[in-house]
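Okay everyone, thanks for coming. Have a look at it first.

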Amino acid sequence: MQNYKILWVDDEIELLKPHILFLTKKGYQVKAVNSGADALDVIQTDTFDVIFLDENMAGMTGLETLVQIKVTHPQIPVIMITKSEEEHIMEEALGAKISDYLIKPINPNQILLSMKKLFDNKRLVSEKTNQSYQQDFRNLSLAFNDQLGFEEWVEIYKKLIYWELEINSTQNQEMLEILAAQKNEANVNFAKFIIDHYEDWLNDPQVEKPLLSFQLMKKKVFPLLEEKKPVFFILIDNLRYDQWKIIEPMVSEFFKVAEESCYYSILPTTTAYARNSIFSGMMPSDMAKYHADIWVQEDDEEGKNLQEAAFLGRQLQKNRIQAKYEYHKIITQAQGRALVDNLNNMLHNQLVALVYNFVDMLSHARTDMNMIRELMPDESAFRSLTKSWFMHSPLFEMLKKLAAQKIKVVLTTDHGTIFVKKPFKIIGDRNVNTNLRYKQGKNLNYTGDKVMVAKNPDRFQLPKLNVSSTFVFAIEDYFFVYPNNYNYYVNFYKDTFQHGGISMEEMIVPFVVLEPK
């Protein structure tokens, strides 16, 4: 046990000698003083790991002493001890950031428990978390070998994310390496599952299938409009399930999570395909067929996501929904703030669709900028930056205002992203798209099986630029690299966040309905 040093402040310190003796035998060093003034003098010349502070002392009270301690030594934990159970005293003490609160008469075990909570809590939590994950490790590994359905894969992914966040929050993170290997094993098996079932989802009306991008509005959002109250549909581009779990506690201060589920992004898991599919309510081949005037082909140079408002309007019309709606895309802080300022005007709509691009921009910036790469070296840092952005964003400010106005909110995304590590050589002509997780073209050559091939794009409900067009999707954590300047591009793109291919992170994405508290 570490030899912790305690300062005990009480004007009846003589009566506490049995407790002090008990702590001394347990290996703690205890210095006792009988006034707040003495305590303030002592902490100027000596260091302590914790202060036990009596609230009801003659002269300077415990609360007055506490305020002075926090001014000069805010880092020292203080455990307040009092005879009073009055609520206002507890509130004042908690407001002054005490670490614990004990009511007299106290017994030695209470003191010991408080010390353990203070000093051993992180260690105990770490040990328990790692032990619990080890117990679950075998169950998860055995599950990969079962004939899992799409719902079971969602539960597997959620459980892996749960353990990743739990272990990541503890002091001892030695199990993270094992968990990373297990996530990789899960993605190997998930890719096999998608290769075996994805075509059937799109072509066999009898087969059981998950909710897909093109069904999202009709099945999950439009029914909410029947209540004849405003609904805000907020899509954060590229928001993974783990990132949602990181921002959930902040959101939950103002909203009840009425529904938390996951749906499957269509392939390719990119904004141009998956997000257009959400707003149009169609698969890409149908968008190209029925909305040729606003659908942008792969080889067109113009932006691929400039018609989302039009797609949404046409989907509402197709479903005979006479709802007044607005659509906004937010790329800059200024745009986000302007939207917050205009909130009251938007409340006249039945549906407000908002797209926030920050998380997607952050993942791309990490590839292109060394400074962002340094700030975001791994998945944990990616989550941390997402949390920091959200905390200070106009989006969070808007959510708080929507909660105050009792407005229902749908929070979701179009696809996720994966941290790629392994290069996969592929050869194509100059017309092949630049995405690192999927390729589309007529002369694609490669060696190996770490891909899913759509030789007939019609079966994947993808548009064909020409008769011999093929789509090739990277699986697991592979990324496509041309043989030319191979080493340069491998070094440049390895350990970056990419999307477009097949992984749990890209395809299994969150859908959340929030009701104001």
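Let's start with Glu152, which you'll find in helix 6, the stretch covering residues 150-168. Keep in mind that this is a predicted model. Is Glu152 buried, exposed or partly exposed? Its relative accessible area is 39%, so Glu152 falls in the partly exposed group.

What does its side chain meet? Lys159 makes a salt bridge with Asp136, at 3.9 Å from N to O. Now, Lys159 lies in helix 6 while Asp136 lies in helix 5, residues 108-144, so this pair ties together parts that are 23 residues apart in sequence. The Asp136 end is buried, with a relative accessible area of 12%. The cut-off for buried is under 20%, so that's why Asp136 makes it into that group.

Let me zoom out for a second. The protein has 517 residues, and 53% of them count as buried. Its secondary structure comes to 20 helices and 19 strands. If you follow the C-alpha trace along its principal axes, it spans about 95 × 55 × 45 Å. And how many salt bridges are there? The count comes to 28.

Let's look at another of those salt bridges. Asp237 pairs up with Arg275, and their closest N and O atoms are 3.1 Å apart. Where do the two partners sit? Asp237 is in the loop between strand 6 (231-236) and helix 9, and Arg275 is in helix 10 (residues 271-280), so to speak a link between distant parts of the chain, 38 residues apart. Are these two buried or exposed? Asp237 is buried at 0% relative accessibility, and Arg275 is buried as well, with a relative accessible area of 1%.

While we're at helix 10, take a look at the helix as a whole. Helix 10 is mostly covered, with 10 of its 10 residues buried. Among them are Tyr273, Arg275, Asn276 and Phe279. Then, just after helix 10, you come to Gly281, which takes a positive phi of about 70 degrees.

Next, a salt bridge between two loops. Glu476 and Lys450 form it, with their closest N and O atoms 3.6 Å apart. Glu476 is in the loop between strand 16 (470-474) and strand 17 (478-481), and Lys450 is in the loop between strand 14 (445-446) and strand 15 (451-454); the two are 26 residues apart. Glu476 counts as buried, at 4% relative accessibility, whereas Lys450 counts as partly exposed, at 26%.

Salt bridges can also share partners, and here they join Glu164, Lys183, Arg240, Asp242, Glu379, Arg383 and Glu505 into one network. Pick out Asp242 from that list. Asp242 is found in helix 9, residues 241-251, and Asp242 is buried, with a relative accessible area of 1%. Which side chain does Asp242 touch in a polar contact of 2.8 Å? That would be the side chain of Arg240.

Now for a charged residue that does something else. Lys70 is in helix 3, residues 62-72. Lys70 is buried yet has no salt bridge. How far away is the nearest side chain of opposite charge? It belongs to Asp100, and it's 13 Å away. What Lys70 does have close by is a backbone oxygen: the one of Ile76 lies 3.3 Å from a polar atom of the Lys70 side chain.

Gly416 sits in the loop between strand 10 (408-412) and strand 11 (418-420). Gly416 counts as buried, at 0% relative accessibility.

Terms used:
Residues numbered from 1 in each chain as written. Predicted model: local features only at pLDDT ≥ 70, side-chain atom pairs only at ≥ 80, totals over all residues. Heavy atoms only, no water. Helix = DSSP H or I, 4+ residues; strand = E, 2+ residues; numbered from the N terminus. Buried < 20%, exposed > 50% of the residue type's maximum accessible area, 1.4 Å probe, protein only. Polar contact = N/O pair within 3.5 Å; in protein donor to acceptor, adjacent residues only side chain to side chain. Salt bridge = Lys/Arg side-chain N within 4 Å of Asp/Glu carboxyl O. Lys, Arg positive; Asp, Glu negative; His and termini not counted.
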